[in-house]
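This report describes the architecture and selected side-chain features of one protein chain. Please read it alongside the sequence and the three-dimensional view that follow.

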Amino acid sequence: MSKDFLGHPRGLATLFFTEMWERFSYYGGRAMLILYMTAAVTDQNPGLGLSVLEAGALYGLYTAVVYMTNLPGGWIADKFLGARNAVFYGGLIIALGNLCLAIPGGRTPFYIGLALNSIGTGLLKPNVSTMVGSLYSKDDKRRDSAFSIFYMGINLGAFLAPLIAGWFGQRVNWHAGFLVVAIGMVLGLIQYRLGAKHLGDAGLLKPSNDSPEENTKQKTSLRNGLIGLVAGAAVLVLLDRLNIYPLTINSVSNIVGVLLILVPFVYFGFLFTTGGFTAPEKNRIAAIIIFFLAAALFWSAFEQAGSTLNLFADRYTNNKVFGAEFPSTWWQSVNSIWIIALSPVFAWLWLKLNNAGKEPSTPMKFTLGLLFVGLGFLLLVPAAQMLNSGVEKVGVQWLLAVYFIHTVGELCLSPVGLSAMTKLAPERIVGQMMGIWFMGAALGNYIGGRVGGMFESFPLKNIFFAVFCTSLAASVIMFVLIPWMKRLMGEVK
């Protein structure tokens with residue numbers, strides 16, 4: 001049997017399918033999440049019976065925490081487990097989490113399942129990507145191609161999951177849908193173990209060069225962090241028992257929202273005041289702060305695919321093609337279809353413009369990303385007005401166009417954002433800046449969930465227009481800042 005996978009080491013195939021099944025698990029569950037939470041307990045396919053406001057808060061909380069756990073997950077792998085073990089244990093925890101979601105036992109197993117999924121994703125997601133890079137030497141020309149293939153695995157899982165798990169969730173019952181994603185993660189773990197022989201030493205925990213004192217300090221940090229989490233939870237429970245700060249979905253979500261805003265800016269303040277960076281390094285860190293804010297605003301609109309737009313697809317879209325009806329969860333596959341179709345086009349476009357000396361700068365690409373994500377919501381304003389005028393449901397062309405426009409925005413902003421973090425960050429904090437990038441995604445997901453919670457509280461046309469105005473304003477501000485951003489970035493383009 002050939003040792004190659006599309007001209008790459010066979011280990012890439014192992015990681016490709018591991019990530020594919022993990023994304024199958026995440027996007028399959030995400031497609032059903034807000035619909036399951038808001039489905040009445042008396043329905044033929046009963047859900048949790050949460051209000052849309054509560055469901056939006058919980059959706060935002062969950063999707064934010066999934067990204068927040070990437071930072072400690074990478075650190076734990078680096079210091080204690082090694083990426084290879086972290087990926088396996090993370091996948092195992094995700095599978096257990098999805099099995100909890102598959103249990104028809106009400107809210108308790110559901111909450112436990114979401115918590116396990118968040119922890120497991122934090123261990124698996126950052127470390128499987130690290131292992132891809134470990135398969136190649138730094139000067140191996142196949143490295144960029146490998147990540148392109150790996151990225152297709154992400155989108156293949158995201159494409160298949162809503163189609164399969166969503167069908168079971170809406171046509172059989174929600175718990176069957178969650179069971180499907182649990183089975184998918186188990187299949188991913190099985191092939192990961194079987195394919196481990198092709199990984200060489202990628203992801204193995206390397207002997208530490210740290211002194212015994214430093215190793216002890218790291219273990220103490222982990223222990224103190226766990227103690228802090230337990231103590232924080234205990235304080236919240238005590239405040240709830242004393243009726244000082246009752247624990248509800250909204251109150252817990254509010255706490256996480258404050259942390260998502262506070263932590264990055266405390267961290268940035270620390271870098272500027274005690275980091276010991278040179279003036280050019282501080283300039284680049286200032287540019288990172290602007291990109292962080294812009295990315296958070298972009299994801300706050302884009303990630304409403306799983307909240308606001310998911311509810312719009314389920315309640316107000318005529319989900320039929322050539323007379324055949326399809327589950328509303330299938331809309332969650334459309335972004336992946338556009339990504340697969342448009343990624344080669346954008347790769348060709350940027351190369352063509354670069355050769356002509358006309359490729360947009362990184363700040364300009366951010367400007368375009370914000371503009372396109374806003375235009376997608378502007379397109380839905382007349383659709384919402386049609387609903388107000390008495391139309392029961394709108395056609396599929398509205399959401400198809402929205403997801404196309406949003407994917408164009410994503411391809412303008414997301415890939416260049418990751419690249420900008422690695423180029424702009426001072427060398428000794430590159431890993432931390434990648435964690436900050438994920439914090440931006442977490443903040444955006446959180447905001448997107450909370451906006452989705454307003455679905456029943458405000459007229460849809462007002463919500464869509466407000467998101468457009470916010471994105472447009474951010475786009476205009478970014479455009480005005482381009483000359484200043486270029487000066488901050490120095491030679492980095």
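## Basis and terms

A salt bridge is here a side-chain nitrogen of Lys or Arg within 4 Å of a carboxyl oxygen of Asp or Glu. The structure is a predicted model, in which local features need pLDDT of at least 70 and side-chain atom pairs count only at pLDDT 80 or more, while totals for chains, interfaces and linings use all residues. Residues are numbered from 1 along each chain as its sequence is written, and side-chain values use heavy atoms, with hydrogens and water left out.

## Overall fold

The secondary structure of the chain comprises 16 helices and four strands, taken as DSSP runs numbered from the N terminus (helices H or I, at least four residues; strands E, at least two). A compact globule of 493 residues would have a radius of gyration near 23 Å, and the 22 Å of the chain agrees with this; the radius is taken over C-alpha atoms, and the globule rule is 2.2 Å times the number of residues to the power 0.38. Along its principal axes, the C-alpha trace spans about 65 × 60 × 55 Å.

Of the 493 residues, 51% count as buried, where buried means under 20% relative accessible area, exposed over 50% and partly exposed in between (1.4 Å probe, protein chains only). Among the contacts in the chain with a separation of 6 or more, 80% come from residues 24 or more positions apart, a contact being heavy atoms within 4.5 Å.

## Salt bridges

Side chains of opposite charge can pair when their charged atoms come close. A search of the whole structure finds five salt bridges, one of which joins Arg30 to Glu303, with the closest N and O atoms 2.6 Å apart. Because Arg30 lies in helix H1 (residues 10-38) and Glu303 in the loop between H10 and helix H11 (308-316), the pair ties together parts that are 273 residues apart in sequence. Both Arg30 and Glu303 are buried.

Another salt bridge is formed by Glu456 and Arg315, whose closest N and O atoms are 2.7 Å apart. This pair also links distant parts of the chain, 141 residues apart, with Glu456 in the loop between helix H15 (430-452) and helix H16 (460-489) and Arg315 in helix H11. Glu456 is exposed, with a relative accessible area of 52%, whereas Arg315 is partly exposed at 25%. The side chains of Lys365 and Glu359 likewise meet in a salt bridge (2.6 Å, N to O); Lys365 counts as buried at 6% relative accessibility, and Glu359 as partly exposed at 28%.

Ile289 is placed in helix H10 (residues 279-302) and, at 16% relative accessibility, counts as buried. Leaving aside neighbours within four places in sequence, Ile289 is in contact with Phe265, Phe268 and Phe272. The C-alpha atoms of Ile289 and Gly440 are separated by 9.9 Å, although the two residues are 151 residues apart along the chain.

## Positive phi in two loops

Asn243, which is not a glycine, has a positive phi of about 60 degrees. This residue is in the loop between helix H8 (212-241) and helix H9 (249-274), and its 59% relative accessibility makes Asn243 exposed.

Phe322, likewise not a glycine, has a positive phi of about 55 degrees and lies in the loop between strand E3 (320-321) and strand E4 (324-325). At 88% relative accessibility, Phe322 counts as exposed.
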